[in-house]
Amino acid sequence: MANLAWKTFKGIPLALTLVWIAVFAAALHFMDKSVIAFLGILSSIVLVYYTNTSKTIKLVIGAAVLLVIIPLVAGENRYYMEVASQVGIYVAMALGLNIVVGFAGLLDLGYVAFFAAGAYAYAIFSTSQANEFIAGNLFPLSGEWFWPFLIVGLIVAAIFGILLGLPVLRVKGDYLAIVTLGFGEIIRIIFNNLDKPINITNGPQGITPIPSPELFGIKMGTPFFFYFIVLFVIAFIVLANIRFEHSRLGRAWIAVREDELAAQSMGISLLNAKLAAFATGASFAGVVGVIFAAKQTFIDPTSFTLMESIGILVMVILGGSGSIPGVVLGAAFVTILQVQLLKEFSNFLHSLQQSGIINLPNQLDPSKFQRLVFGIMLILVALYRPNGLIPAKRKKSDLDAIKESEFSKQKLGILGKLSQLASGKQS
Amino acid sequence: MALLEAKNLTKRFGGLVANQDVSISIEKGSITAVIGPNGAGKTTFFNMITGFYEPDEGEILLDGKSIKGLRPDQIASRGITRTFQNIRLFKEMTALENVMVGVHSRLSAGLLGILFNTKRVRVEEEKARVEAYQLLEYVGIEHIANEAAGSLPYGLQRRLEIARAMATNPQIILLDEPAAGMNPRETVEMTDFIRKLKRELDLTIILIEHDMKLVMGLSEYIHVLDYGRKIAEGTPEQIRNNPNVIEAYLGKSASEVS
């Protein structure tokens, strides 16, 4: 029954989506700091995704919600913009990991190392830290440098990805997971200890104050600006994901994921395909790392633990490995659960406790149950939606377009021999 | 000169000698069968030709040039392709995309080209798509172009695997039990199809098969392996009457009885 209902489900009517957006936008505007209203407006993105209308209209509504409505109604509230940009950071990272795990099927448990590489690249050179090992007192750099450093972070992380990938990608499956886990930890420990003999990372003390981005002399240090920066980066990463997914490279990645032997006999070099996936995924994490460093203004190695890698992996698997909308939803869901729902629920119970209604032992504080909740969610997803919240689907090709293509006039590839041989026989 | 020449190939797995001193030479445009009882080393031989195993001894020459020690993908781009005994399609991808993967090594799009979706990449993609569709038409399964490969019935999966192999633009195609699990009618269709590949596209075909009717009807030349050694070679007529072959398949006493 439920299945049937799902199949006949055509999408949410456009009007309902618009009403939803309007109601929650108004609610957020009038009721200050209403968590439900804020979640309502965020979840309207999911509604838009499932709305029964053309792609262009969905894109326009989605962009309007993200670029206009949310900043308008929540822009003054630091807290909401903070949550939204944090969600964005994780969405961007999960999309990067999606290339490695989702497309190429390489289980990478050390992904956060690339994030760290990007973050440290910006942190070291934008503060006076770099003076420790580069002569000439050239540093700190101003916040204007944030923008070029987005590219630098990308390149540094990509190089890290290739250097790590070369030895690591010789193993596969469970072994790869363990080796990447090890490398992820090694990178963190190196950053933790690279304060002597030459002080490069300032070790466990971390690096501060990392300058906020600046543009034409305007300091963009508030969550409001980071929200837009993150949105811009996500747009870029989503576009890259979509383009890769249905390209020569994306097909090679999926072929490698599905069957390495068959992929090789189709002329795909395993090492090249895997390295490309590793480097691409890493480079996205690097960009996000730069933003993270600028947003936090302080970084130290404790931000880059194994738990972070696992958290991002959970987002990918929960949302739907290899599915771009799925991964976005998974990342948003997990992050909101972490930074908002559990915290709010804790606060709520605390307030009850203070007013003496319940007696809550400290151990039962919900915000301490993050891992338990992760675990339960993963089990539920594995049981009921094994392919994730929004499973990956391959795009169907437009067969009419193929038939009408100008290339259809002649036989291509090996079939080109058909006409050659036929004419050869005639002569 | 033979198109493909395997000289004295030996492959050991620990104490087991899977192939010993196997020499097989293949003429351009021929249909050759490699037969033998289960465990005779036929698939090991295929795996050495296609680069999945490196021979312990011996030499493999394609057009007179050694291809020994090359990776499978390098051998594929030199024009040797294969299908697998237990069909190995990319199950989640559509049929059309499976064939497009075969075009991979003839495309040149790189990371940046794809990212910026350059004109060259778009043209190349469209061409690859058309080529893949034409191949599906050629093997007669264009109606399932948009179905996920894993959801197709067995017979169509076999055809799709051949279409995918053809997309690498090979000179030689190795078919590992192409008619396994097929009913007699499907087997006849497959036989006709393999003949068509040779006739229309000038492909050189090497096949492993257990269905003797297919082997005898189709192949021009047959090599017989048993316990890793080549025990006979010849035309189907010669093989049918070769006492060594009869012994390998039926045992000694049976050959004495007959």
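Domain bounds here come from an automatic or database domain assignment. This is a predicted model, where local features need pLDDT of at least 70, side-chain atom pairs count only at pLDDT 80 or more, and totals for chains, interfaces and linings use all residues. Residues are numbered from 1 along each chain as its sequence is written, while chains are lettered from A and ligands numbered from 1 in the order in which they are written.

**Exercise 1.** Find the domains of chain B and say how far apart their C-alpha centres lie.

Solution. Start with the bounds: domain 1 of chain B covers 1-79 + 170-258, and domain 2 covers 87-169. Next, take the C-alpha centres of the two domains, which are 27 Å apart.

**Exercise 2.** Work out what each domain of chain B brings to the contact, and which residue classes domain 1 of chain B uses there.

Solution. Count residues in contact (C-beta atoms, placed from the backbone, within 7 Å). Domain 1 of chain B puts in eight residues, and domain 2 of chain B puts in eight residues. Now sort by class: Ala, Val, Leu, Ile, Met, Phe, Trp, Tyr, Cys and Pro are nonpolar, Asp, Glu, Lys and Arg charged, and the others, Gly among them, polar. The domain 1 side then shows five nonpolar, two polar and one charged residues.

Conventions:
Contact = placed C-beta atoms within 7 Å.
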